[in-house]
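User: Please take a close look at the ligand site of the model below and describe its surroundings in one connected account.

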Amino acid sequence: MTARIHPSVLSADFVNMEAALRTIVTADAVHVDVMDNHFVPNLTFGRQMVERIQAVSPIPLDVHLMIDDPDRWAPEYAATGAAGVTFHAEAATDAVELARELRARGAKAGVSLKPGTPIETIVDDLAEFDLVLIMTVEPGFGGQSFMPETMPKLQALAHIRERRGLAFDLQVDGGIAVDTIATAAAAGADVFVAGSAVFGGEDPAARISELRSLADAARA
Ligand SMILES: O=C(CO)[C@@H](O)[C@H](O)COP(=O)(O)O
Ligand SMILES: [Fe+2]
């Protein structure tokens with residue numbers, strides 16, 4: 001399967017969101033970062049905004065929840081019709097139960113690990129998730145530098161996935177750009193979130209295809 005590119009609207013103009021969405025119609029999904037100023041030291045928006053993005057977006061939504069108590073709140077995001085909802089393992093009380101709840105509501109269930117969180121946190125429960133997000137920066141802000149030291153976690157999960165015959169997607173998020181995407185692709189990632197690399201340039205559509213080609217070449 002070709003590499004999938006999910007532009008993050010964290011780097012888009014929040015007051016011209018609909019126009020921003022029209023520039024990324026060739027992407028595979030739109031990545032929507034929800035931050036609560038508690039789990040991370042930054043605040044974006046909540047369910048109401050996600051519902052509006054869902055209503056006007058021509059492509060599916062990949063919601064990344066950087067919030068406390070996802071056990072309580074994540075199912076509400078699945079109810080917006082988002083294709084996927086990803087919560088942080090560090091914040092969840094019962095990640096397996098929550099993943100089951102998200103799937104029951106028709107969303108793909110994703111679990112995310114901060115750079116310092118070991119894969120052992122989730123390794124026994126991988127069959128419960130549709131996606132594992134390996135954060136390649138500390139969550140909270142766009143425009144940070146890619147952390148290559150997170151690659152061994154990606155390689156280990158790719159290896160386990162193959163050995164166990166599992167089908168979850170491996171997503172990377174943070175500092176993904178033309179000079180870093182090949183490293184993440186070679187380590188086993190299939191889904192690539194890119195905020196500043198896509199919205200910071202002149203031509204988001206051209207950047208999306210460039211990133212996809214670079215990832216495909218590195219995976220081949
Ligand atoms: O979840 C996050 C940040 O916590 C991201 O999705 C960022 O939006 C990625 O931005 P870039 O590093 O690609 O600029
Ligand atoms: Fe994100």
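Where is F141 found, and between which two elements?

Analyst: F141 is in the loop between β6 (131-135) and α5 (151-164); helices (H or I, at least four residues) and strands (E, at least two) are DSSP runs numbered from the N terminus. This is a predicted model, in which local features need pLDDT of at least 70 and side-chain atom pairs count only at pLDDT 80 or more, while totals for chains, interfaces and linings use all residues. Residues are numbered from 1 along each chain as its sequence is written, chains are lettered from A and ligands numbered from 1 in the order in which they are written, and side-chain values use heavy atoms, with hydrogens and water left out.

F141 also belongs to a set that UniProt lists, in an unreviewed entry, as "binding site": S8, H64, G140, F141, G142, G143, D173, G174, G175, G195 and S196. Positions follow the numbering used here, feature names are shortened, and such annotations may be inferred rather than shown by experiment. The lining of the largest cavity includes S8, H64, G140, F141, G142, G143, D173, G174, G175, G195 and S196. A cavity here is a set of points, on a 1 Å grid over the protein atoms alone, where a 1.4 Å probe fits but cannot get out, and lining residues have an atom within 4 Å of a point.

That largest cavity is the space taken by ligand 1; a molecule sits in a cavity if more than half of its atoms lie within 2 Å of its grid points. The elements giving two or more residues to the shell around the ligand are β2 (30-35), β3 (61-66) and β8 (191-194). Strand β2 supplies the largest share, three residues.

Around ligand 1 there are 20 residues, of which D33, G140, D173, G195 and S196 come nearest; a residue is near if one of its heavy atoms lies within 4 Å. By class, the shell holds eight nonpolar, ten polar and two charged residues, with Ala, Val, Leu, Ile, Met, Phe, Trp, Tyr, Cys and Pro counted as nonpolar, Asp, Glu, Lys and Arg as charged, and the others, Gly among them, as polar.

Taken alone, ligand 1 exposes 380 Å², and the protein buries 100% of that, by the Shrake-Rupley method with a 1.4 Å probe.

The unreviewed UniProt entry also annotates D33 and D173 as "active site".

Note on methods:
1 Å grid on protein atoms, 1.4 Å probe; cavity = no way out; pocket = protein on both sides within 12 Å on 5 of 7 lines; lining within 4 Å.
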